[in-house]
Amino acid sequence: MTEHLFAWLDERLDLSELRAFVAEKSVPKHRHSVWYYMGGITLFLVGVQVATGILLLLYYRPSAGEAYESVKFIVSQVQFGWLIRNVHSWSANLLILMAFVHLFSTFFLRAYRKPRELTWITGVLLLFVMMGFGFSGYLLPWNELAFFATKVGTGIAGAIPFVGDFMVRFLRGGDDVTGATLTRFYGIHVAILPAITTVLLGVHLLFIQRQGMSVPPSVEKREQAGEKIPQEPFFPNYVLHDVMWWYVALAVLAALALFLPWELGTKADAFAPVPAGIRPEWYFLAMFQTLKLIPSHVLGIEGEMLGVLGFSLAALLLLVMPFLDRGAAVGRPSKIITAAAVLTVLYLIIFTIYGYLAA
Amino acid sequence: MTVAKAGGHMTVAKGGRHIVACWLLAALALIAIPGLAAAQPAQVSGCETCHKEHPQPALSSPAKDFSATDVHRDRGFTCVDCHGGNPSETDKVRAKAPATGFKGKPSGQAVIAVCSRCHSDATLMRKYAPKQRVDQATEYATSVHGQQLAKGDTKVATCISCHGAHGIRLVSDAQSPVYAMNVAATCTKCHADPERMKGYTLPDGSALPTDQRAKYEKSVHHAAMVGKNDLSAPTCNDCHGNHGAAPPGVGAVANVCGTCHSVFATKFALSTHSQIFDRGCVECHSNHDITKPTDAMLGTDKTSVCGNCHSDGDNGFNAATSMRAEIEKLKTAIDRSHALVASAENAGMEMGEQSLTLREAANHLTLARTEMHTFDPKKVDTVLQAGLGLTSKVDAEGQTALAEVSFRKTGLSVSLGAILLVVVALALKVRSLKPRE
């Protein structure tokens, strides 16, 4: 049946090039190969998000008066609505986690080195977009915790020099978090960010296919020394391997949906006192906790502004890393950058845990 | 005759024409500036000049108190408005000469007369406190205090006993002795003093008790007033009246309690007990030491109050047993439903509607406790059955939710198993594939 279908298509579209590409494409196999699958898992979770997000769209109503009730309706009345919402919420978190794992594995394997600078840049931009998805999606159920966390989160934008006030009003659609903010976040979450993701992801995947998988500098040295590095056929070996990991991710999602259903909380009330333990999603927690610890003024500069500038600088450095670590392209990766990256990972883990406990 | 005027006073007396002229001028000056009369604080009168420095505390403290804080002083009244006399006279004999209308220290009926001269004058009071009643003296005359005073008993309270004589504050002033939170202390200055109360009796001839405050402080009303700062909670004057203070008579208690507890009073009025209970609500709830009512008061065991009158086998005994049992049934049902809802919520089910329904069921429990004051088991049962209907509905929905949880767990476990089987199959398949040479 499949052969018949392929022959039918081949007769009309001439798929010989595709056939040759699939038959010839291979992936290097070495002791670091497992990290290749992190990108695949992240991609799979993006697919889960798109599928479950579209299903949620069928019932979700983006207004302050109806958002909470519509999510409540989804989880209590809609057939399997609870499952879709649970999977969407958990998958969002797993997606960001896997994007971080993918980013740092790529970083430590120095996969960003020439000629893959643009693949790295699109990847880092995708991570930022994913965090934007998380931030905008967090508010959509319009519950108390999300409402106040968004108030705090959008307020931080006010610390950006010169354009801070404008940014706050731009993000909120007014001076405060209201129904206008919800509608705005909804638009960003379901239209603007997906459009950006489609372009970035398309370019990211195109570059990977065009350039093939990067091998770590140590493997590259062995290759240059004449050693033959084993290759794994892309189809079916690598694809099946990838699919296996997707199933593992699906199993984790199913287990989380089963044992830890995502709470809806109480409806947001702008006039209610700020509840105790307000904190953003875990992936913003390290930044949030750092901003809390910075003194109000450092060397005459406002502490929060200094923090926001610091994080912006860190994001910029991450984005242009291939151009900072030029030695990596010739097999001499910077030890200072490696040490800074290790410290960054430790900082993110410790401050995330600290922020979780402090809240 | 002395007529109170803000900012001064007007005295008409033989031989005092020049003084009259002075005060007339002063009064005309005030009338000529509209609005000033009420707002202008009083100037220090001649009385205060001497009395403040007087070596005898009894004569100096009134002047000091009056000049510190006093609602009358703030509105322009001076010593002569109550005491008479001529403050412009430097010689104390001439200042207190009979021709000046000097009254000295009023006591007994004279106090009522002095205060009511202004406070019973609707025209005058409209100028200073238009919402204030002007029947205090009339009410006082009907009070036990007023009646005793009319009989010549000078130990009883008059206006100044409660409000103070000098340094009088507004009732709304938290430092006033008649501020809601201070009333119990003010009344019991006398009423908790056994020596002072000696000889006074209740209408039934028994000695007037002096433990009212001690009892009141154990009550739910005192807890609300002091513990929750609820100024609407009753204190002495809310039940006994203030100016017309008297113990509520037989038949009036239900009306007194019903001022606030109107629904209970209405239900009670329909009951057979309203015809039997001499002391109305007090029969079961007591008066000064009213504690928070509990379901234990209803029934026939030792903690109940029904057993005080009813005995095994009579209609009241059976009714009390039945009402208590039905109330307990709804309480148990609500507790059980709450546990079920909590269990489903913990499992991740949305049970908001059911929680609201349980609140409605709890309202029925409250309604049943209210309806109980008709002492009619049928009426109580009607309300309770409605509540039980709600808990049954919640129980059914809770069971459905738990069944759904079970179904989800089974379904997801099976799915999880299937997924893991695919993972194992894929792992085996991948292992069997050979790498490209």
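Which residues in α6(A) meet which residues in α7(A)? That's a handy way into this predicted model, so here are a few notes.

1. To answer that: on the α6(A) side, it's Phe135(A), Tyr138(A) and Leu139(A). Across from them, α7(A) brings Leu145(A), Ala146(A), Phe147(A), Ala149(A), Thr150(A), Gly153(A) and Thr154(A). Sorted by type, the residues of this contact come out as 7 nonpolar and 3 polar, with no charged ones.

2. Now for how the two helices sit. Helix α6 covers residues 117-139 of chain A, and helix α7 covers residues 144-156 of chain A. Their axes come within 8 Å and cross at roughly 135°. An angle between 115 and 145 degrees is neither roughly perpendicular nor roughly antiparallel, so α6(A) and α7(A) are oblique to each other.

3. Stepping back to chain A as a whole, you'll find 15 helices and 4 strands. The chain has 359 residues, and 43% of them count as buried. Take the contacts in chain A between residues at least 6 apart in sequence: 77% of these join residues at least 24 apart.

4. What about the surface? Chain A exposes about 19,000 Å², and 70% of that is supplied by carbon and sulfur atoms.

5. Over in chain B, have a look at His222(B), which is in helix α16 (residues 220-227). Is His222(B) buried or exposed? Its relative accessible area is 18%, and the cut-off for buried is under 20%, so His222(B) is buried. Leaving aside neighbours within four places in sequence, His222(B) is in contact with Tyr216(B), Glu217(B) and Gly227(B).

Methods:
Residues numbered from 1 in each chain as written. Chains lettered and ligands numbered in written order. Predicted model: local features only at pLDDT ≥ 70, side-chain atom pairs only at ≥ 80, totals over all residues. Heavy atoms only, no water. Axes fitted to C-alpha atoms, helices over the stretch in contact; angles between N-to-C directions. Parallel < 35°, antiparallel > 145°, perpendicular 65-115°, else oblique. Contact = heavy atoms within 4.5 Å. Nonpolar A, V, L, I, M, F, W, Y, C, P; charged D, E, K, R; others polar. Buried < 20%, exposed > 50% of the residue type's maximum accessible area, 1.4 Å probe, protein only. Areas by Shrake-Rupley, 256 points an atom, 1.4 Å probe, with all protein chains shown as cover.
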